[in-house]
Each structure stands twice: as C-alpha cells, then as structure tokens.
Amino acid sequence: MLLSLKKATLIKRYKRFLADVTLADGSETTLHVANTGAMTGCAEPGDSVWYSTSDNPKRKYPLSWELTETQHAGDFICVNTARANQLAEQAINAGLIPELAGYQTLQREVKYGEENSKIDILLSQGQQADAYVEVKSVTLLDAQAYTHSEKQGHGYFPDAVTTRGQKHLRELMHIAAQGQRAVLLFAVLHSGITSFAAAAHIDPTYAQLLNEAIAAGVEVLVYKAEMSPEGMVLNQALTLRTS
C-alpha cells in the first residue's frame, strides 16, 4: 500500500474521532481519527502524526491521521483501523500470507453467522471449503516489557473490553463446527511489537473465548506490517504466545 503522508505534531486527541495537531508551518488544525479504540500508547502529546488528505469536498475534516511516530522509541503505529482490512486483502492477493493462498474469489463484508455479523474477508475456490477471515488490528504494546535495545515488545489484543470481538469469536467457532475454514487474522500495526498474545489482563472473557476457539478448530494467524510514511505491507509472520 503506497502512501503520501505529511507530518504534524500531536497536541491532543479528543471525542475519539478528532485530534488537534501543529502543522509543519506552525499553524494548528484538526484531524479526523478513524479509530474507536483506546489507542493506548499511540496518542501521546508531542508524538509525530503522519496524515493523509482527502479531496472529497463534503468532508468536514479533510485530513486523516494515519500513522503515529512515537517521540521516545521512534516506532511507527498505524492508527487508522480501516487499514488493517485493506492490508490483509492486499497481502492475500499478493500471496504474502501462504496460509490463505489458492483461493479464486475474495469478497469483503459478507453477512454471515447467527448473531447478525459481517465477515471481513470471505475466500472461495470452487469445491474448496470457503475461508471466513476475521481481521483484527493490533496496536497495544506493553511498554513495561519493551526493551528498546533488544527490540522485544509484547503486543496484545484487545486494548479494551470488546463485546464485539467476543461475538466474532463465537461466530467463527460456529463456522468451524460446520466444517468450513474459520480464520482469525491479527494484523500487527506497531513496529515495536515483536510477539503477540491475547490481552487476558484487559479482557479475560475474550482471552478465554480465544482459547476455546482454537480448541474448536479456528485458525489463528498473526502477521506484522512493515510501515513508513511512504507505504505499508503486511508480510511478517509472528507466533501467538499462549499461557
């Protein structure tokens, strides 16, 4: 995914979807924030913000926050959660995720399940069993466990209790019980994260459901993106840490 981003300095994020920044010329403006999460560690005042510009005249806030560059460690974090699905789709189409190769058709946002859900990506190939792929964006880094000199950073999902994520795990377990492929793809969008686990200390119910899902046949994949203001690509496999 190619990007053309400009740099600003974060003043503050507020009302979840807005952030005030100082532009390169010293003026201040407001960005749109496409992220409903807590963004823990991703939005510290003084961090560098890399933003894109929309040419849609109907948008109230044409500038969108895409990446954070942390002021202490210099890590890049993709805070635009819409990018996770886009990166996953591009990686699958490019053959960068071998576990999801060999399918002819890729559909996005397909209705499925027993709890009125939409699957992020549905893969199909003739008589081959469909693959239902749910994508989750991972940006939470355990700062206390992060040793910058060794680049050992423990990443977690979720960063807050997620009833929606719990629902998706139940849906995937139902798909697996029907004999079709159910896949949970964690897209790690923080350059400081080098390993990944469920955040049992934040959402123990989600962590327990994830263990149950794995036991029920749900496949869990963890892939990390290479990121810069010029582009992003989801291409590095990580291992799921289990307790």
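Let's start with contacts, meaning heavy atoms within 4.5 Å. Of the contacts in the chain with a separation of 6 or more, 61% are between residues 24 or more positions apart. Keep in mind that this is a predicted model, where local features need pLDDT of at least 70, side-chain atom pairs count only at pLDDT 80 or more, and totals for chains, interfaces and linings use all residues. Residues are numbered from 1 along each chain as its sequence is written, and side-chain values use heavy atoms, with hydrogens and water left out.

Now the overall shape. The C-alpha trace spans about 60 × 40 × 30 Å along its principal axes. The radius of gyration of the chain is 18 Å, which agrees with the value near 18 Å for a compact globule of 243 residues. That radius is taken over C-alpha atoms, and the globule rule is 2.2 Å times the number of residues to the power 0.38. Buried residues make up 49% of the 243. Buried means under 20% relative accessible area, exposed means over 50%, and partly exposed is in between, with a 1.4 Å probe and protein chains only.

Next, the elements. The chain has three helices and 15 strands. These are DSSP runs, numbered from the N terminus: helices are H or I with at least four residues, strands are E with at least two.

The axes of α2 (residues 163–177) and α3 (residues 204–215) come within 10 Å and cross at roughly 10°. That makes α2 roughly parallel to α3. Angles under 35 degrees count as roughly parallel, over 145 as roughly antiparallel, 65 to 115 as roughly perpendicular and the rest as oblique. Axes are lines fitted to C-alpha atoms, for helices over the stretch in contact, and angles run from 0 to 180 degrees between N-to-C directions. From α2 come G165, Q166, L169, R170 and M173. From α3 come T205, Y206, L209, L210, E212 and A213.

On to the loops. Q71 sits between β5 (63–69) and β6 (76–78). Q71 is partly exposed, at 40% relative accessibility. Leaving aside residues up to four places away in sequence, Q71 touches E44, P45, G46 and D47.

What joins F157 and P158? A cis peptide bond, with omega about 0°. P158 is in the loop between β11 (154–157) and α2.

Last, backbone angles. K15, not a glycine, has a positive phi of about 50°. K15 is exposed, at 69%. N116 is not a glycine either, and its phi is positive, about 55°. N116 is exposed too, at 70%.
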